[in-house]
Amino acid sequence: MGQTLYQKIVASHTVFRVDEQHVALYADLHIMNEYTSPQAFAGLAEKNLPVRCPEKQMGIVDHVIPTHPVAVDKRTIMIDAAAHQASNFTRNCRKHGIHLFDVKDREQGIEHVVAPEIGLIRPGMVVLCGDSHTTTYGALGALGFGIGTSEVEHVLATQTLVYRVARDMRIHVDGRLPEATTSKDLVLYIISKIGAQGARGFAVEYSGAAIAALSAEARMTLCNMTVEAGARGALIAPDDTTVNYVTDRIKDLSPHDIAAAAEQWKQLKSDDDATFDVTHRFDANVVAPFVTWGTSPDQAISIADHIPELSADPLERHNASKALTYMGLDAGQVIDGLAIDHVFIGSCTNARIEDLRAVADVVRGHKVAPSVRAMVVPGSGMVREQAEREGIANTLIEAGFEWRQPGCSMCLAMNDDILEPGQRCASTTNRNSKAARVAAHAPIS
């Protein structure tokens with residue numbers, strides 16, 4: 001029987017089988033941030049253990065960092081608890097010889113934006129991080145997923161993870177996205193159909209003509225958001241788009257080695273006779289610009305649609321009613337034309353250069369309404385610099401957007417980029433839960 005792409009990557013990284021459901025999985029790369037690593041380093045210190053493979057770790061300060069539009073060398077974390085987290089992280093990385101993108105590093109940014117753009121993510125890898133949106137890397141044919149703090153400690157000490165193998169799901173998308181729709185619209189559409197727990201326990205592989213037509217950055221948005229359906233991983237088989245993106249960014253291999261690797265990467269795909277536990281099929285041609293109206297990613301509709309009437313199912317009715325109350329909306333209300341207070345462009349979902357180009361195309365020649373605060377937080381220092389070179393930053397500033405420094409910003413709101421009670425925000429983030437403090441997703445096209 002043939003194997004799926006997911007099964008092939010897991011098999012190639014299995015050090016040994018623990019039991020029927022679990023394996024010891026080797027990690028090619030482990031990425032850390034200041035938010036989910038402190039207890040892990042403390043655990044190592046208590047056990048007097050070193051980091052097993054410092055060269056296979058990357059650290060980056062991104063969750064708590066302020067995004068004020070000041071010069072990079074002037075960036076300072078003013079919130080005491082956050083500053084303490086960042087300084088501890090810096091000290092631990094230096095102690096163990098781990099490369100760190102610190103607060104004042106010009107290449108600092110959001111971990112899931114920085115790692116691919118500097119060539120660290122390659123097809124066939126296993127990449128771990130104490131952040132759920134590590135699924136982003138599946139866009140490049142790498143198996144990425146988030147882990148907990150105790151698991152971070154285990155990876156630091158052993159470069160392996162005790163891993164429960166997932167089931168396989170294929171999501172096949174035929175057709176092509178209509179003009180003015182994006183991969184963000186596609187993934188919101190898919191989640192609205194399968195539910196916020198529709199992929200729970202599964203590794204999802206995307207296939208089909210609509211997926212093949214997406215850019216590498218658009219695929220990152222798709223794989224990033226797949227965890228919002230409960231998925232434990234998301235994968236897209238490498239193709240020319242993947243290879244071109246990756247090889248353009250590799251700095252540590254010779255041209256000969258890159259060419260040889262590229263040929264191997266193109267063989268990373270599911271066998272024709274591979275069996276998936278669940279398969280979903282969708283038609284991209286029917287996807288419209290999507291937005292969420294509630295507090296769960298599956299509470300999503302076309303921008304032209306009405307908010308659904310309350311369901312007869314007691315649990316669904318209860319959840320929808322609570323969400324509408326929190327959002328200050330009513331069943332049956334039209335989304336198009338809904339007043340907003342804030343616009344946030346950013347996060348590991350939509351803060352890459354392709355995203356900022358799209359925003360600039362929309363707002364060029366227009367002005368942000370006086371009643372709206374609009375801010376753009378680039379995904380990395382490199383994205384910010386490129387946007388400035390291309391004139392994108394000037395276009396956004398002239399339209400009335402705040403042009404800020406990189407960081408997770410309003411997505412998690414662990415710095416001072418937060419909403420006030422009662423404010424409604426159109427946001428490009430991946431999560432619209434109450435904890436995320438952002439009120440709505442909005443496609444940027």
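Across the interface of domain 1 and domain 2, the rule finds one salt bridge, a salt bridge being a side-chain nitrogen of Lys or Arg within 4 Å of a carboxyl oxygen of Asp or Glu. Arginine 106 and glutamate 385 form a salt bridge, with 2.4 Å between the closest N and O atoms. The model is predicted, so local features need pLDDT of at least 70 and side-chain atom pairs count only at pLDDT 80 or more, whereas totals for chains, interfaces and linings use all residues. Residues are numbered from 1 along each chain as its sequence is written, and side-chain values use heavy atoms, with hydrogens and water left out.

**The two domains**

The domain assignment of the chain gives domain 1 as 5-164 and domain 2 as 307-427; such bounds come from an automatic or database assignment. Their contact takes 27 residues from domain 1 and 23 residues from domain 2, where contact means heavy atoms within 4.5 Å. The C-alpha centres of domain 1 and domain 2 lie 27 Å apart.

About 2,100 Å² is buried between domain 1 and domain 2, and carbon and sulfur atoms give 59% of this area. Buried area is the accessible area (1.4 Å probe) that two parts lose on being put together, summed over both. The rule also finds 13 residue pairs in polar contact across the interface of domain 1 and domain 2, both residues being at pLDDT 80 or more. A polar contact is a pair of N or O atoms within 3.5 Å; within protein, one must be able to donate a hydrogen and the other to accept it, and residues adjacent in sequence count only if both atoms are side-chain atoms.

On the side of domain 1 that touches domain 2, helix 4 (residues 111-117) gives the most, with four residues. Helices (H or I, at least four residues) and strands (E, at least two) are DSSP runs, numbered from the N terminus.

**Salt bridges**

The count of salt bridges by this rule comes to 15.

| Pair | N to O distance |
|---|---|
| Lysine 8 and aspartate 271 | 2.8 Å |
| Arginine 281 and aspartate 174 | 3.4 Å |
| Glutamate 402 and arginine 404 | 2.7 Å |

Lysine 8 lies in helix 1 (residues 5-12) and aspartate 271 in the loop between helix 10 (255-265) and strand 12 (278-283), so this pair ties together parts that are 263 residues apart in sequence. Lysine 8 is partly exposed at 21% relative accessibility, and aspartate 271 is partly exposed at 30%. Buried means under 20% relative accessible area, exposed over 50%, and partly exposed in between (1.4 Å probe, protein chains only).

Arginine 281 in strand 12 and aspartate 174 in strand 9 (residues 167-174) are 107 residues apart, and the pair links distant parts of the chain. Arginine 281 is exposed at 56% relative accessibility, whereas aspartate 174 is partly exposed at 31%.

Glutamate 402 is partly exposed, at 24%, but arginine 404 is buried, at 5%. Salt bridges that share partners join Arg373, Glu402, Arg404 and Asp417 into one network.

**Serine 270**

Serine 270 lies in the loop between helix 10 and strand 12 and is buried at 10% relative accessibility. The side chain of serine 270 reaches the backbone nitrogen of leucine 5 at 2.8 Å and makes a polar contact with the side chain of glutamate 205 at 2.6 Å. Not counting residues up to four places away in sequence, serine 270 touches Gln3, Thr4, Leu5, Lys8, Arg170, Glu205 and Phe276.
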